[in-house]
2 protein chains.
Amino acid sequence: MASFLLELAWTGERLQRRLLLEEVAGTIAHLEPLGAGPAPAEAAVVSGLTLPGLNNVHSHAFHRALRGRTEEPAGADGDFWSWRAEMYRLAGRLEPTSYFQLARAAFAEMALAGITAVGEFHYLHHQVGGQPYPGPAMEEALVAAAAEAGVRLTLLDSCYLRPGFQGGPLEGPAMRFSDRDAMAWARRVDSFPEHPGLRRAAAIHSVRALDQAAIGIVAGWAREHSAPLHVHLSEQLAENLDCTAATGMTPTALLHSLQVLGPTTTAIHAIHLSPDDVRLLGETSTAVCVCPTTERDLGDGVCPAAALAAAGSPLCLGSDSNSMVDLFEEARAVELDQRLVTHRRGVHSATSLLRAATSAGAAALGWNAGELAVGRLADFVSLELETPRLAGPGERDLISRVIYGAAPSDIREVVVGGRPIVSGGRHLRLGAVGSLLTQVLSDLETP
Amino acid sequence: MASFLLELAWTGERLQRRLLLEEVAGTIAHLEPLGAGPAPAEAAVVSGLTLPGLNNVHSHAFHRALRGRTEEPAGADGDFWSWRAEMYRLAGRLEPTSYFQLARAAFAEMALAGITAVGEFHYLHHQVGGQPYPGPAMEEALVAAAAEAGVRLTLLDSCYLRPGFQGGPLEGPAMRFSDRDAMAWARRVDSFPEHPGLRRAAAIHSVRALDQAAIGIVAGWAREHSAPLHVHLSEQLAENLDCTAATGMTPTALLHSLQVLGPTTTAIHAIHLSPDDVRLLGETSTAVCVCPTTERDLGDGVCPAAALAAAGSPLCLGSDSNSMVDLFEEARAVELDQRLVTHRRGVHSATSLLRAATSAGAAALGWNAGELAVGRLADFVSLELETPRLAGPGERDLISRVIYGAAPSDIREVVVGGRPIVSGGRHLRLGAVGSLLTQVLSDLETP
């Protein structure tokens with residue numbers, strides 16, 4: 001049990017001054033604007049602006065090791081697929097210990113950036129060559145990493161069985177991804193238990209990596225377990241072309257025909273969509289996770305986020321490849337990247353973008369969080385407001401200033417389930433996260 | 001005279017360890033790698049990575065007050081022109097004192113971000129209604145602001161005479177921009193002296209704001225004074241359409257016909273270009289200043305920077321509207337925004353992007369700076385490397401990590417002409433820049 005006096009907070013609905021928040025067993029038990037009244041002596045004062053914790057819906061933590069490593073001119077071959085080849089080389093070298101160390105440092109960077117829950121889209125399951133580890137070693141690495149970093153983990157365990165629609169064996173590092181069949185995937189996922197900081201969830205890697213029967217099994221597992229179901233969708237035009245050639249349907253239409261779409265499903269990227277695809281995603285209330293910094297880095301294209309939101313899809317956000325860990329940049333880029341290609345401005349409101357980073361993200365990850373409200377998890381973060389990036393005239397346009405101006409360096413306090421994990425911009429358990437990252441990234445260089 | 005031991009520096013050409021830099025009269029007088037040898041006791045140690053100072057080629061300092069203020073949905077009318085109406089409202093309210101305070105705070109934010117020289121594209125010359133001030137009050141405000149912030153100022157004094165190709169009188173706040181004719185503009189610019197921190201320079205606001213005779217006069221003034229000449233070019237399609245309708249030429253072709261293009265000229269934006277425009281700019285070695293954060297914010301479109309560089313145009317960078325002050329983001333966005341629209345990655349090298357932020361920027365602003373080399377101005381900045389954004393394995397891909405990862409929060413030391421202006425991330429003269437900004441932006445709210 002802990003209590004906090006939030007000097008200025010955005011609850012998810014409105015700005016409030018002097019809000020008393022009391023946490024019991026990790027949950028917000030009481031929330032009350034104090035007006036000019038006195039605060040309880042035991043309440044910890046949180047200055048600046050408090051927001052619900054940020055929810056990072058889509059991450060591949062280990063990609064953090066590629067930051068700045070794949071950007072140099074690659075000639076005419078530079079695209080998503082040449083990047084993937086570099087990512088596979090890294091994937092071929094990680095073991096449970098290095099996977100843990102890298103994920104811990106990446107999750108700690110997220111904590112400093114105000115992220116209180118992360119959806120780790122995990123596909124690096126098995127040993128080099130494809131043999132299973134004796135137990136769920138790579139999964140336990142992620143669970144331990146998130147616990148040390150202090151962030152909630154939704155483990156989106158991804159089923160990945162084939163190299164593409166043409167079938168055939170997986171080769172090289174991709175052999176580590178495969179459980180050989182979807183039932184074996186389900187047995188492995190069932191083999192490790194949930195706990196308060198861990199939400200087990202299912203992921204269909206993509207329509208290219210699973211056949212239709214396997215897609216049905218993974219979706220069925222998610223339904224049975226009332227678990228979130230995520231799927232990479234139409235990030236690249238090549239996926240659309242291959243899917244249409246193999247099935248006569250777009251990836252979205254194929255998923256719809258297999259009853260994968262729906263309000264507990266999140267489509268990741270959703271960039272190359274037909275008008276019918278947008279309608280199907282919206283009508284089924286399927287959430288869409290936009291990952292703009294990665295989509296810009298990989299040259300994927302711009303998600304038609306305004307059309308999706310208008311059709312009925314809740315939008316949420318992911319740092320994906322972690323080439324940048326900054327959910328404020330992800331949020332503003334949802335709007336700004338559309339401006340670049342449409343030459344129009346002002347489609348999404350700042351509060352809708354902040355909800356994408358908070359409540360919609362929490363829903364996609366299966367956490368009862370993302371708002372400051374009684375009964376929700378006590379996950380919140382504070383921003384210093386008198387920084388060069390955020391300075392402005394008081395509360396006027398404050399949420400807009402945050403969305404369009406903020407960076408992780410503005411984050412001061414991060415509280416998860418009532419427990420401070422970052423204070424004064426410093427990670428309480430792990431200390432200097434930059435040094436931790438430097439160490440693990442340097443270790444990866446020395447075989 | 002001062003001396004510095006740079007533990008690791010990128011000179012503009014290469015990375016060097018333990019570089020001794022000696023400054024005399026603001027200039028680099030001696031530069032020597034020390035190897036394992038001892039450093040002079042008086043040398044100030046600069047840790048992290050030292051870079052040449054960043055040159056911000058295109059700024060409208062007063063637009064800083066619009067950050068986060070124009071982003072909310074504006075309905076179907078939201079575009080560059082609706083944004084400009086809001087900017088004009090602000091322009092109608094500033095006086096020399098508030099212009100100074102706002103510019104000082106904006107330039108101080110730039111200093112913290114590692115910017116050692118700024119090109120201020122200045123058009124707010126006269127009193128409300130258009131009457132001249134008794135002296136060059138608004139220009140002196142900018143000069144004093146840059147001096148207090150510690151950054152070099154290239155004052156790109158902009159000639160602005162008409163509302164568009166159709167002619168007619170300027171109205172409202174735009175009356176403050178006009179000198180009535182180009183000769184009066186030249187007399188006003190000649191009325192204030194240069195000094196070591198100030199470079200006077202000329203700007204043609206745009207082909208829509210000056211007739212051809214006036215364009216010739218401004219360009220002639222720049223030639224006579226060997227001063228940089230800048231011009232807003234093809235930021236918006238409407239400018240192209242109006243120019244072609246009025247003159248039968250694209251804005252680029254019109255400027256070429258008036259002998260405005262050339263190696264001392266910088267075209268700002270240069271987004272909506274024909275292949276012939278790209279060729280003309282490249283053949284004449286006209287520099288192009290890309291302002292990606294503003295161009296994304298305003299929905300301008302994506303500059304064809306790769307084609308321009310290939311054609312022969314040096315690229316440089318500007319923070320323009322100061323909706324963000326981060327030349328690292330500007331640099332990476334030159335590459336990343338092209339990826340969004342071309343779906344290819346890896347066109348510009350990281351070092352070429354860093355040169356855009358340093359040496360090419362200095363050239364466009366008329367400063368003998370932007371490299372660590374004997375005879376250049378002693379302007380340099382240091383980045384802490386073990387931060388969450390920049391952490392990586394030693395020197396491998398270091399410049400790429402800086403371009404794709406760095407933010408102003410990574411800047412530690414800023415030295416201009418051998419004189420420290422920022423140390424440990426703090427502005428030595430002005431102290432808490434966030435508070436300074438908050439104060440001036442709040443004052444602007446209370447008429």
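Me: Let's say that buried means under 20% relative accessible area, exposed over 50%, and partly exposed in between (1.4 Å probe, protein chains only). Why is Tyr88(A) called buried?

Reply: Its relative accessible area is 15%, so Tyr88(A) falls under the limit and is buried. One note before we go on: this is a predicted model, where local features need pLDDT of at least 70 and side-chain atom pairs count only at pLDDT 80 or more, while totals for chains, interfaces and linings use all residues. Residues are numbered from 1 along each chain as its sequence is written, chains are lettered from A and ligands numbered from 1 in the order in which they are written, and side-chain values use heavy atoms, leaving out hydrogens and water.

Me: What makes Phe80(A) and Trp81(A) an edge-to-face pair?

Reply: Rings of Phe, Tyr and Trp (its six-membered ring) pair if their centres lie within 6.5 Å; planes under 30 degrees apart are stacked, over 60 edge-to-face, and the rest tilted. Over all chains, that rule gives 18 aromatic pairs. For Phe80(A) and Trp81(A), the centres are 4.7 Å apart and the planes make 85°, and that is edge-to-face. Phe80(A) is buried at 6%, whereas Trp81(A), at 29%, counts as partly exposed.

Me: How do you know that Tyr88(A) and Phe177(A) are edge-to-face, and which parts of chain A do they tie together?

Reply: Tyr88(A) belongs to helix α1 (residues 80-91) and Phe177(A) to the loop between β8 (152-159) and α4 (182-190), so the pair joins parts 89 residues apart in sequence. Here helices (H or I, at least four residues) and strands (E, at least two) are DSSP runs, numbered from the N terminus. Phe177(A) has 1% relative accessibility and so is buried. Ring pairs also link both residues into a cluster with Phe62(A), Tyr99(A), Tyr123(A) and Tyr160(A).

Me: Why is Arg152(A) said to sit over the ring of Trp367(A)?

Reply: The rule asks for NZ of Lys or CZ of Arg within 6 Å of the ring centre and within 35 degrees of the ring normal. The charged end of Arg152(A) is 5.3 Å from the centre of the Trp367(A) ring. In chain B, Arg152(B) lies over the face of Trp367(B), at 5.3 Å from the ring centre.

Me: What makes Asp79(B) and Arg344(A) a salt bridge?

Reply: A salt bridge needs a side-chain nitrogen of Lys or Arg within 4 Å of a carboxyl oxygen of Asp or Glu. The closest N and O atoms of Arg344(A) and Asp79(B) are 3.8 Å apart, and the pair qualifies. Across the interface of chain A and chain B there are 18 salt bridges.

Me: How many residues does each chain bring to the contact?

Reply: With contact meaning heavy atoms within 4.5 Å, chain A gives 67 residues and chain B gives 67 residues.

Me: What makes Ser226(A) stand out, and how do you know that it is exposed?

Reply: Most residues other than glycine have a negative phi. Ser226(A) is not a glycine, yet its phi is positive, about 45°. Its place is the loop between α5 (212-224) and β10 (229-233) of chain A. With a relative accessible area of 55%, Ser226(A) is exposed.

Me: Why is Gln259(B) called exposed?

Reply: Because its relative accessibility is 61%, Gln259(B) counts as exposed. Its phi is positive too, near 60°, and Gln259(B) lies in the loop between α7 (251-257) and β11 (265-269) of chain B.
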